[in-house]
Amino acid sequence: MKETTATLKVFRLDPDADPEPHFDTYQVAVTEKMSVLEALFAILEQQDPSLSFRYSCRGAVCGSCAMYINGAYGLACRTLIENLKGGEIIVTPLPHLPVIKDLVVDMTAFYDKMTSVMPYLETGESAPEREFHQSPQARRALDEVTDCIWCASCHSACPLTWANKEYLGPAALTKVYRFVADSRDEAGPQRLQIVNREDGAWRCHTIFNCVEACPKNINQTEAIGKLRRKTLARRLKFW
C-alpha cells in the first residue's frame, strides 16, 4: 500500500494552560483513503496524547467530528486527505462556537435550540397499535430533511447566528419543517407557533451558507422557505 506524508496544522487551545490559541504542526504518515479523523488519531496515539477532538460512529452519521478543514466545513471521518489539495492541511474547530479544548466546541446553545423546537414525532392520541402507514409520496417530502445529523455545521456557518444569539438557526428550523411536513405528526400548529417570531423562521436572510456547509447535502434554505409559507398560510387560516 502506497504511503506518503502529510502536514497537519492543528488548532490548539487549552484554557487552563494556554494564554492564547495557537497552531501545532505534525507530520503524519498517510495511507490510501486515509481520513482526516484517522490522521488525528495517528497524532493522538503516536505524537501528542494531549490533543482533543470529538468522534463517535466514524461513518458520517453522528455528526460528532464536524470541523473546519482547509477553509471548508466537513466531517473529519469522511474527508479524505488525498482529496485535499495544497500543502498543509489546516484543521480548526467549528467557527463561532465557544472552544472547550482544541477541536472540541461547546454545543450547549445549539442543543438547547434544537430541543426547544420539539424534535420528535407528536401523535397525540391517534398512535396506532402497531405502526403508521405512510404513502411513498408523503415519505418523499421528508427524504432530504430527515438526514440531519445535528453536526451544527450549518449553525456555525450562518451569519445570523453570529449576530443574534436568540435566532433558532437553520438546523432547528429545518428540524421543525421535517415534522411539520410529516403526515403522521399532529403538532404542526404548536411547531409553527414556536417559529412564527422575529428570531424564528422570519429571521433567515437566504444567504445559503448553511446549504454549502451541510455535509449531508440538505437544503436548509429551501426548508425554511417552505416553513415560512406554512406559517403564513396558518396566519391567513388556509392551513
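Colleague: Is Phe53 buried or exposed?

Modeller: This is a predicted model, in which local features need pLDDT of at least 70, side-chain atom pairs count only at pLDDT 80 or more, and totals for chains, interfaces and linings use all residues. Residues are numbered from 1 along each chain as its sequence is written, and side-chain values use heavy atoms, with hydrogens and water left out. Buried means under 20% relative accessible area, exposed over 50% and partly exposed in between, with a 1.4 Å probe and protein chains only. Phe53 has a relative accessibility of 11%, so the residue counts as buried.

Colleague: How are the rings of Phe53 and Tyr55 arranged as a pair?

Modeller: Rings of Phe, Tyr and Trp (its six-membered ring) pair if their centres lie within 6.5 Å, and planes under 30 degrees apart count as stacked, over 60 as edge-to-face and the rest as tilted. The whole structure holds 7 aromatic pairs. In the pair of Phe53 and Tyr55, the centres are 6.2 Å apart and the planes stand at 45 degrees, so the arrangement is tilted.

Colleague: And how are the rings of Tyr68 and Tyr73 arranged?

Modeller: Tyr68 is partly exposed, at a relative accessible area of 26%. Its ring centre lies 4.9 Å from that of Tyr73, and the planes meet at 70 degrees, so this pair is edge-to-face.

Colleague: Which backbone oxygen does the side chain of Thr79 reach?

Modeller: Thr79 sits in the loop between strand 4 (72-75) and strand 5 (89-92), where strands are DSSP runs of E with at least two residues, numbered from the N terminus. With a relative accessibility of 16%, Thr79 counts as buried. Its side chain comes to 2.8 Å from the backbone oxygen of Leu75.

Colleague: Which strand gives the largest share of the lining of the largest pocket?

Modeller: A pocket is an open set of points on a 1 Å grid over the protein atoms alone, where a 1.4 Å probe fits, with protein on both sides within 12 Å along at least five of seven lines, and lining residues have an atom within 4 Å of a point. The largest pocket has a volume of about 230 Å³, and the closest to its centre among its 13 lining residues are Thr4, Val30, Thr31, Ile81 and Glu82. Strand 1 (3-12) and strand 2 (22-31) each supply at least two lining residues. The largest share, 4 residues, comes from strand 1.

How values were computed: Polar contact = N/O pair within 3.5 Å; in protein donor to acceptor, adjacent residues only side chain to side chain. Points joined across faces, edges and corners; volume = space filled by probe spheres on them.
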